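Try each task before you read the solution under it.

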Amino acid sequence: GAGTATITEGKQKKKGFMGTKTEAVPPYDVVPSMRPVVIIGPSLKGYEITDMMQKALFDHLKRRFEGRIIITRVSADISLAKKNNLKDPTKRTLIERTNSRGSNLAEVQNEIERIFELSKSLQLVVLDCDTINHPSQLLKTSLNPILVYLQISSPKVLQRLIKSRGKAQTKNMNVQMVAAEKLAQCPLEMWDIILHENSLEEASEHLCGWLEEYWAATHLPSNASRENPANATNPRNFRQRAGEDAEYIQMRERYGEE
């Protein structure tokens, strides 16, 4: 069933030499039933170009997966939800003292638990994260997200787009160009899917096609899940599917040639 990939009652049995002992584990020690989707790029959140382009993708997803999708805004800095941070009280105090955004770890922990709860609905869960601008920020968290890179591969095109938004945006050109460059330098395997199409419509179609496959992989007919429960409850297996994405392979080859 839906709850098999998450632990709700906070108990997990461990079999040791002395038989089975039960120990309490926090609910974020497992991965969500549905991997949350996080879109990153083309540059920094909070600037018009990135926010507008991501919003266009969210709108497209909302229409395409109506009744099957939850898009939720996350303003707490969930990059602080690294498993060892949440468990170590000395780290917690230090982070809360030095964190400029003022996200305290209790707030972060509540957000992580809320995301887990949303994923139990077995709907697609899309996170609109205010603070996530690089895939490494989520690596050591328990969210196991589907990382989507919305890419503008030409710096000139990005520059032109930023200029088109007027003086206020152009003033912050450098910080946006540097962020885009950092994303372009990420190893391809950090991403589950890379949207490098020239039009947002094509990028949206690419993403929707991928998510339809993910939906199918996580919503097997009930008889199939009875025969092979491991596949039904472990959407994590789907990460490997990105490698089979034809466009992803082409892209890898293209980067190899350069």
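**Exercise 1.** Work out which elements the buried residues of H7 pack against.

*Solution.* Start with the partners: the buried side of H7 packs against E3, E6, H5 and helix H6 (167-170). Bear in mind that this is a predicted model. Next, pick out the residues involved: Met173, Gln176, Met177, Ala179, Ala180 and Leu183 are the buried ones in H7. Now look down the axis of H7: those buried residues sit within an arc of 160 degrees, so they line one face of the helix. Finally, check the other side of H7, where Asn174 and Lys182 are exposed.

**Exercise 2.** Compare the end-to-end reach of H7 with the span expected at 1.5 Å a residue.

*Solution.* Count first: H7 has twelve residues.

**Exercise 3.** Find the largest nonpolar core and say which element gives the largest share of it.

*Solution.* The core in question has 30 residues, and Ile39, Leu61, Leu124, Val148, Leu195, Leu207 and Leu211 have the most contacts inside it. Elements giving two or more residues include strand E3 (37-40), helix H1 (48-64), helix H7 (173-184) and helix H8 (200-218). H8 takes the largest share, with seven residues. Zoom in on Leu207: leaving aside neighbours within four places in sequence, Leu207 touches Ile39, Leu57, Leu61, Val148, Ile193 and Leu195.

Methods. Residues numbered from 1 in each chain as written. Predicted model: local features only at pLDDT ≥ 70, side-chain atom pairs only at ≥ 80, totals over all residues. Heavy atoms only, no water. Core = buried A, V, L, I, M, F, W, Y, C linked by side-chain atoms within 4.5 Å. Buried < 20%, exposed > 50% of the residue type's maximum accessible area, 1.4 Å probe, protein only. Helix = DSSP H or I, 4+ residues; strand = E, 2+ residues; numbered from the N terminus. Contact = heavy atoms within 4.5 Å. Expected span 1.5 Å × (residues − 1). Arc of directions from axis to C-beta.
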